[in-house]
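Open the model in your viewer and keep the selection tool at hand. This tour goes stop by stop: what to select, then what is there.

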Amino acid sequence: KSYRDTVADMYRIVFKQSTGVKGESWMKAALKILTIGLLICVLASCGPKATPAQEGEVQEAATEKTFADTLKEPQDWAAIEAAAKEEGKVVVYASSSRIEDQIEIWKGVYPDIVLEGYDTGDIASKMKEEQNAENIIGDVWFNSEGELLFGEMYPAGMILPFIPDEFKDTLIISETQPFAIQRYGGDVFGYNIEQYPDGCPISNIWQLVDGTWVDKFYMEDPLAEADKVNFFVTLLKHDTELAESYKANYGTEWTADPDVDDSVKSASWLWIKKMAKNPNVVLMPGGDEVMEAMASLGMTEPAGMALTSYSKIRDTIKGEIAFGACNGVAPAMGTSGVTYLAIANNAPHPNAAKLYIRFSLTVEGREPWNVLGNWPGRTDIDPPEGAPTFAESGLWPEDPMLIYQTASQMRDFWTLNALGD
C-alpha cells in the first residue's frame with residue numbers, strides 16, 4: 001500500500017476501536033489513540049521526500065516585492081500622479097522654515113494633494129522612532145544631516161533613495177551617494193557691511209584666534225547645533241591649506257605654536273583649539289540671534305564678526321540686516337552642507353512622496369531656496385542671480401561619514417578647550 005493508504009487504514013482502526021469500545025474505559029481508548037497518533041508522526045517523518053522539479057521545469061519561489069523595489073520601477077509619471085491623488089497627501093519633515101513658502105507653490109500645482117510640511121528639529125530621531133514603532137507618519141526626509149543619513153538611517157534600511165529619471169543626469173549621484181541633492185548651503189565667516197563698507201576686516205582666519213581681531217565673534221553653540229560641529233570636522237580635511245595659511249599669517253610653522261600639545265594632531269585641530277579658547281567667542285542659541293547681535297541695521301557699538309549661514313544674505317538683500325560674507329579670506333570663507341531628499345521605508349504615501357521629490361528638484365519647487373547662499377543640487381540650473389557657481393564659491397564640502405565618525409570626538413575636544421585649564 002501507499003504511504004497515504006497506510007495512514008488512512010490506521011485512522012479507520014483507531015476510530016473503529018474507540019467508537020465500539022465494550023468493557024474498556026474511555027481513558028484506555030484515549031491512550032490507544034495517542035499511541036497510534038505518535039506512530040503516524042514517526043511514519044510521516046520517514047515518508048518520501050518531495051520530488052524535485054523534473055528537468056526542464058521551472059520551480060519559482062514566491063518572493064515578496066520590497067518597498068525599495070518599487071522605487072526602482074519604471075517611472076510613469078501620469079500613473080504616479082494619479083496614485084498620489086488617491087493617497088491624498090504627503091508628509092515632509094524639513095530642516096527649513098521656507099517649506100511654508102513651498103507649500104503655497106505646491107497648492108497651485110497639485111491642488112488635489114495636501115502637502116503637510118513641517119520645519120522640525122531632530123528629524124533623524126523622529127523618523128527612526130517611527131520606523132522602530134512601525135508607525136510611519138513622515139514620508140519624506142528633506143534634511144541636511146548627512147552624517148546620520150549615511151551613518152545610520154540608510155544602512156539600516158529606514159530611509160531610501162529615489163531619483164526621478166528625468167534628472168538622473170543632472171544630479172551628482174554615485175553608488176556611495178545615491179540620494180537626490182536638493183541644494184547646497186554654507187556656513188561662512190561674516191561681518192557688518194555698514195561698519196566695514198570696504199569689505200571683510202580680516203584676510204586670514206587665523207586672525208580670529210591670534211589676538212588680531214579683538215571684538216566679539218558670534219556663533220551658534222556647537223554643542224547644540226550639529227552643523228557647527230560639522231564645520232569644525234570639515235576643517236580636518238584641509239590640514240594643508242590651514243598649515244599654509246598659518247605660515248602666511250605668522251611666518252612660522254604651526255608646529256611651533258605654544259598651544260600645540262599631544263591633543264593637537266594637525267593645523268586644523270590647532271585652529272579649533274584656539275577658537276574654543278578665544279575669550280571673544282560668544283555662543284548664541286540660533287542664527288537669528290547671531291544676526292541680531294552683529295548685523296542689525298544702524299549699530300553704533302562694534303558689531304563683531306560671526307560664523308553663520310551664508311543664506312542670511314537674503315535678508316541683507318531685502319534691506320533687513322547688514323550681513324556680508326568674507327569672500328576671499330584665506331584659506332576659505334566657509335564650508336558647504338548638503339540638503340538631501342529621500343523616502344521613508346514603507347512610507348504611507350509613496351507615490352505622493354515621489355511626486356514631491358520630483359517637484360522639489362524643479363525650478364518652481366526650489367524657488368524658496370533660490371537665494372544667495374544656496375546653490376541648486378541640479379547641475380543644469382543656474383545659481384541665484386549675482387552668485388558665483390558652486391565650484392567657484394570656494395566653500396569646502398562636508399564629508400558626512402567623516403562627520404559621523406568624528407563629531408563626538410570633536411564635541412569633547414571643543415568642550416575641554418572651551419572650559420580652559
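**Stop 1: the disulfide**

The torsion about the S-S bond of Cys 200 and Cys 326 is about 70°, so this disulfide is right-handed. The pair connects distant parts of the chain, 126 residues apart. Cys 200 sits in the loop between strand 5 (180-192) and strand 6 (217-220). Cys 326 sits in the loop between strand 9 (323-325) and strand 10 (334-344). Keep in mind that this is a predicted model. Show the two sulfur atoms: they are 2.1 Å apart. A search of the whole structure finds one disulfide. Is Cys 326 buried or exposed? Cys 326 has 0% relative accessibility and so counts as buried.

**Stop 2: the nonpolar core**

Next, select Trp 141, Ile 159, Trp 271 and Tyr 356. In the largest nonpolar core, of 111 residues, these four touch the most other members. Helix 10 (residues 267-277) supplies the largest share of this core, seven residues. Now center on Trp 271. Leaving aside residues up to four places away in sequence, Trp 271 touches Phe 189, Ile 205, Trp 206, Val 209, Phe 231, Phe 232 and Leu 235.

**Stop 3: Glu 166 and its partner**

Move to Glu 166, in the loop between strand 4 (159-160) and strand 5. Glu 166 is partly exposed, with a relative accessible area of 43%. Which residues does Glu 166 touch, not counting those up to four places away in sequence? They are Trp 77 and Arg 358.

Select Arg 358 as well. Glu 166 and Arg 358 form a salt bridge, with the closest N and O atoms 2.5 Å apart.

**Stop 4: other salt bridges**

The count for the structure comes to 17 salt bridges. Start with Asp 187 and Lys 228, whose closest N and O atoms are 3.3 Å apart in a salt bridge. Asp 187 lies in strand 5 and Lys 228 in helix 8 (residues 226-235), so the pair ties together parts that are 41 residues apart in sequence. Asp 187 is buried, with a relative accessible area of 7%. Lys 228 counts as buried at 0% relative accessibility.

Next, select Asp 112 and Lys 85. Their side chains meet in a salt bridge (4.0 Å, N to O). Asp 112 is in the loop between helix 5 (99-109) and strand 2 (114-119), while Lys 85 is in helix 4 (residues 77-87). Lys 85 is partly exposed, at 40% relative accessibility.

Then select Asp 257, Asp 259, Lys 274 and Lys 277 together: salt bridges link them in a network.

**Stop 5: a buried arginine**

Finish at Arg 314, in helix 12 (residues 313-317). Which side chain of opposite charge is nearest to Arg 314? It is Asp 315, 4.3 Å away. Arg 314 is buried yet has no salt bridge, because the cut-off is 4 Å. Now show the backbone oxygen of Ser 311, which lies 3.0 Å from a polar atom of the Arg 314 side chain. Arg 314 also touches Arg 98, Val 371 and Leu 372, not counting residues up to four places away in sequence.

How values were computed. Residues numbered from 1 in each chain as written. Predicted model: local features only at pLDDT ≥ 70, side-chain atom pairs only at ≥ 80, totals over all residues. Heavy atoms only, no water. Helix = DSSP H or I, 4+ residues; strand = E, 2+ residues; numbered from the N terminus. Buried < 20%, exposed > 50% of the residue type's maximum accessible area, 1.4 Å probe, protein only. Lys, Arg positive; Asp, Glu negative; His and termini not counted. Polar contact = N/O pair within 3.5 Å; in protein donor to acceptor, adjacent residues only side chain to side chain. Contact = heavy atoms within 4.5 Å. Core = buried A, V, L, I, M, F, W, Y, C linked by side-chain atoms within 4.5 Å. Disulfide = S-S within 2.5 Å.
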